[in-house]
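Please read them beside the sequence and the structure.

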Amino acid sequence: MKTDTLFTKPISKQFEFDADVAAVFDDMLLRSVPFYKESQTLTRRFALNALSNGGIVYDLGCSTASLLLEIERSIGKERDVRLVGIDNSVAMIEHARKKLEAYGSQIELYEGDILTFSYEKAQVIISNYTLQFIRPMVRDALVRTISDTLNEGGVFIFSEKVVSEDPKLNKELIDCYYDFKKVQGYSEYEIVQKREALENVLIPYTMNENIQMAKNNGFKTCEVLFRWANFATFIAIK
């Protein structure tokens, strides 16, 4: 796993999931997302709870397919299920395919747009820090598609960076997060560079806006499974 040093130099473009990002993405996640492993453990647990023989799991914006691999290991040979990863980054899919080949995995990978992908009926859909990169004007439509794709009782588990409705608290949450990144070895310069690269690319909602978006688009319930400062993992039930 390569170390993320992408923002030690002046940025020349907005953030995108290109080959440079894909090469260090696993390290970037572990050092940039607080309690990432713990939230993924919860995601895996609740995904497995909702999954039965013949079921399909979709991971939207699967990046290097690490979570799907963890789910596959947990399932073993016990259940006949399909695990499907979708990502619109060619570089991410290439890295994921190499990883799956090394592990002899049966996970299906597709390079494609999650907004227009032809989904089959599924029991579980996962989205880790993906919705925040979808333009707000089409984000609701995607969540409606996710709801329509799921079987009755199916679950949508998604993690997102969130903002506070209170400006003062929001500032304190951001400061808390930046302190976390410094502990992970990122310099002040790297933090500022990445923040500028993500400007107008990553557009987070409040916790309540995420919950209401799910409820407005076909889910009977949506709750927070895990939260640390301005990072949250949600579960929505069809």
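1. A pocket, on a 1 Å grid over the protein atoms alone, is an open set of points where a 1.4 Å probe fits, with protein on both sides within 12 Å along at least five of seven lines, and its lining residues have an atom within 4 Å of a point. The model is predicted, so local features need pLDDT of at least 70 and side-chain atom pairs count only at pLDDT 80 or more, whereas totals for chains, interfaces and linings use all residues. Residues are numbered from 1 along each chain as its sequence is written, and side-chain values use heavy atoms, with hydrogens and water left out.

2. The second largest pocket is lined by 16 residues, and those nearest its centre are Glu-72, Gly-76, Lys-77, Ser-105 and Gln-106. Two or more lining residues come from each of helix H3 (66–75) and strand S2 (82–87), and H3 gives the most, with 4 residues.

3. By class, the lining of this pocket has 6 nonpolar, 4 polar and 6 charged residues; Ala, Val, Leu, Ile, Met, Phe, Trp, Tyr, Cys and Pro count as nonpolar, Asp, Glu, Lys and Arg as charged, and the others, Gly among them, as polar.

4. In H2, Gln-40, Thr-43, Arg-44, Ala-47 and Leu-48 meet Leu-67, Glu-70, Ile-71, Ser-74 and Ile-75 of H3, where contact means heavy atoms within 4.5 Å. This contact has 5 nonpolar, 3 polar and 2 charged residues.
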